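I kept them in the order in which I checked things.

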Amino acid sequence: MLSTSLTATEFNFPRLNPTGVHIHVHDPATISLPLTEDFSTFYYNQTLDHFNYRPDSYITFPQRYVINFKYWGGANAPIFVYLGAEAPIDGDLRGIGFLTENAALFNALIVYIEHRYYGESVPFGSWEEALNNTSTIGYFNSAQAIADYAEIIIHIKRQFLAKNSPVIVIGGSYGGMLASWFRLKYPHVALGALASSAPILYFDNITPQSGYYSLVTKDFREVSDTCYETIKNSWSEIDKVTSLPNGLSILSERFNTCKPLNDSFELKDYLDSMYSGAAQYNAPPRYPLLIEGNKSCHVNGPTNISETTVGWRWQTCSEMVLPIGRGNDTMFPPYPFDLEIYSKFCNKLYGVSPRPHWVTTYYGGHDIKLVLQRFGSNIIFSNGLRDPYSSGGVLDNISDSIVAVPTVNGSHCLDILRSNETDPDWLVNQRKEEIKIIKNWIDKYYADLGAMLFK
């Protein structure tokens, strides 16, 4: 089996995840809500390799998808499809509220599709076999994933006699990128896409490397200039204490570490993750920045190497190369992204080098307004401007139908999460605007369909 242990935490890029449950920001009670009987689980016999005709390409695996029929108006009524990302879909069924909260308005069928190599949708029979070598893990990429989604959507429409049902794909974070790319690659399958917090411009140096950490810094500074200065100066103070004969012991005691520190980087990496996660998943009404509950200890606790951790490591070491670095304009120690060093790390881990230009080659990204306004349509790019990943998002309208819906105080994927009575007006209005846009797409589709059928 490939060596996928995390041996270099300096390459632990900020996670792309809609709910942020890994840092306990969102209410765990929401994530643990029991599923109702409205959800039915299915498995599609998925093709391993959509882009080759070698005999081994015809191997299949069971891919999980879940359908909620509660609101569906039957054939020709819309279908909302949530595109799973770098995690099992179980958490999305509970935490993503946009589909269930708006399906009744459209009489829509709701579908959630799990991303290949996550959850129960693992080829080769087991996670261990799927990660066994570069031959088995090589089918683990975004192009294969969105081809999976296309096959399943077409299968569902055929199975439920919904040939003329308009499909809207929805995704958050990496899933938001997939949603926007799906609309561009499969416009005959999806009428439109809602791409929440999708940093599609954080590839190939379109966005400045320090964009993410510059926004984290801005978030903290807006809350408290004193807090910003304290954090900015803390790194050198940590170094000073570390240089003392018993410095690491002092830091271990002061920060209540779960086990004695081996070096100061363990502490710095924890603080980096804590600050960036707090900014990324900062959600009302709990302003200012807030994270994590009570813990018996902090820093270097037991590490949960989940399939998401391992899977996303592979994805960022192959095609999802996000060149996130820290410049001199942040409250963090400068640490530029070095592709050569990163390539050596990935080569050591997997025996392959990253392809940093592939995403923009396959999906585009450079000169996006000049390009997409000519042939693209029906995509909503929603972003909360407090989310550091919004630095790589589409924040301005590209055309009349490829639109940006940003919110000044929003955070990562906040618009598609389960709503609450305490949601501020600006968040409620953002969701209303997105629904209005989607309704216009669907209304126009039905008008075009009617004109074609009764010609």
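**Entry 1: H9 against H11**

I began with the handedness and found that H9 passes H11 in a right-handed crossing. I keep in mind throughout that this is a predicted model. I then looked up which residues make that contact: from H9 they are Ile231, Trp235, Ile238, Asp239 and Thr242, and from H11 they are Ser264, Leu267, Lys268, Leu271, Asp272 and Tyr275. Sorted by class, the contact of H9 with H11 has six nonpolar, two polar and three charged residues. For the geometry, I noted that the axes of H9 (residues 225–242) and H11 (residues 264–280) come within 10 Å and cross at roughly 165°. Since angles over 145 degrees count as roughly antiparallel, H9 is roughly antiparallel to H11.

**Entry 2: the other partners of H9**

I next looked up H8 (residues 211–223), which packs with H9 at an angle of about 135°, the axes being 5 Å apart. That angle makes H8 oblique to H9. On the H8 side I listed Thr217, Phe220, Arg221 and Val223, which meet Asp225, Cys227, Tyr228, Glu229 and Ile231 in H9. The classes in the contact of H8 with H9 are five nonpolar, one polar and three charged residues.

For H9 and H10, I found axes that come within 7 Å and cross at roughly 130°, and these two helices are therefore also oblique to each other. Here the contact is made by Ile238, Val241 and Thr242 of H9 together with Gly247, Leu248, Ile250 and Leu251 of H10.

Which residues of H10 are buried? In this helix (residues 247–254) I found Gly247, Leu251 and Ser252 to be buried. They cover an arc of only 135° around the axis, which puts them on the same side of H10.

I looked up Asn76, which is not a glycine and yet has a positive phi of about 80°; its place is in the loop between strand E2 (60–68) and strand E3 (79–83).

**Entry 3: Phe337**

My last stop was Phe337, in the loop between H12 (307–318) and H13 (339–350). With a relative accessible area of 13%, Phe337 is buried, because under 20% counts as buried. Leaving aside its neighbours within four places in sequence, I found Phe337 in contact with Phe13, Gln209, Val321, Leu322, Pro323, Ile324, Gly325 and Tyr342. I also recorded that the C-alpha atoms of Phe337 and Pro424, which are 87 residues apart along the chain, are separated by 37 Å.

Technical notes:
Residues numbered from 1 in each chain as written. Predicted model: local features only at pLDDT ≥ 70, side-chain atom pairs only at ≥ 80, totals over all residues. Heavy atoms only, no water. Axes fitted to C-alpha atoms, helices over the stretch in contact; angles between N-to-C directions. Helix = DSSP H or I, 4+ residues; strand = E, 2+ residues; numbered from the N terminus. Parallel < 35°, antiparallel > 145°, perpendicular 65-115°, else oblique. Left-handed = near helix turned anticlockwise from the far one by under 90°. Contact = heavy atoms within 4.5 Å. Nonpolar A, V, L, I, M, F, W, Y, C, P; charged D, E, K, R; others polar. Buried < 20%, exposed > 50% of the residue type's maximum accessible area, 1.4 Å probe, protein only. Arc of directions from axis to C-beta.
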